[in-house]
Amino acid sequence: MIRRKPQRLQPWRPKRHRLRGASLLEALVAAGLLAFALLAALRWQALARAETGLARERSEATQLAREALEWQRTFVALEPVADLPDAPVFSREEEAAHTVDGRTATFTVRRRTSLLAGVRLKAASVAVEWEDAAGQRQRVALDTLVDGSLPVHGAAATWAAAEPGVGSPIGQPEPVPVAGR
């Protein structure tokens, strides 16, 4: 019998050609990909910031348009009153424009009202225009119809009619539940 010499166990080591590490080309590709990702993130942030600014401008323009439209809805009489020559009246057709320096831009507010023939309505429209940070013209427009009923009549229609002689047994109004009395 031939005896073999006992072998010592050696720890496993990979072959030498696997231990070279990353090449210069691989490092450059990784740096390029990282730079591309960072530039894309910066561009996305710039676009988001610009859209946020435009949203603020649109919000302010819409608020200005709503205020102007509500002003057009107000009137104190159907026809001009001699005692109040500047009072808003329903029968007055007008077209006006004014400029407002807002928080985010300078806005031009254009109002127009016209009476509709054959009915007691007037058409009211408001357009707000401005130039955004990119230099583009922006516009918000609101339109509505205004009824020719006197405001006093509209308020009277909202009052609830009280039934005479009906009251609660304890003297409290009806909306209060019985358990709460």
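Predicted model: local features only at pLDDT ≥ 70, side-chain atom pairs only at ≥ 80, totals over all residues.
Residues are numbered from 1 along each chain as its sequence is written, and side-chain values use heavy atoms, leaving out hydrogens and water.

Stop 1: Select residues 94-101, strand β1, and then residues 106-115, strand β2: they pair in the antiparallel sense over eight bridges. Strands here are DSSP runs of E, at least two residues, numbered from the N terminus, and two of them pair if DSSP finds at least two bridges between them. A hairpin of four residues joins β1 to β2. Now click on Glu95, and look across to Arg112 in β2, which stands opposite.

**Stop 2: Glu129.** Move on to strand β3, residues 121-131, where Glu129 lies. Is Glu129 buried or exposed? Glu129 counts as buried because its relative accessibility is 18% (buried is under 20% and exposed over 50%, partly exposed in between, with a 1.4 Å probe and protein chains only). Show the side chain of Arg139 as well: the side chain of Glu129 makes a polar contact with it at 3.4 Å (a pair of N or O atoms within 3.5 Å, one able to donate a hydrogen and the other to accept it; residues adjacent in sequence count only if both atoms are side-chain atoms). Next, select Ala61, which is 68 residues from Glu129 in sequence but 7.7 Å away in space, C-alpha to C-alpha.

**Stop 3: the pocket lining.** Finally, select Ala50, Glu51, Gly53, Leu54, Glu57, Thr104, Asp132, Ala133 and Ala134, which line the largest pocket (an open set of points on a 1 Å grid over the protein atoms alone, where a 1.4 Å probe fits, with protein on both sides within 12 Å along at least five of seven lines; lining residues have an atom within 4 Å of a point).
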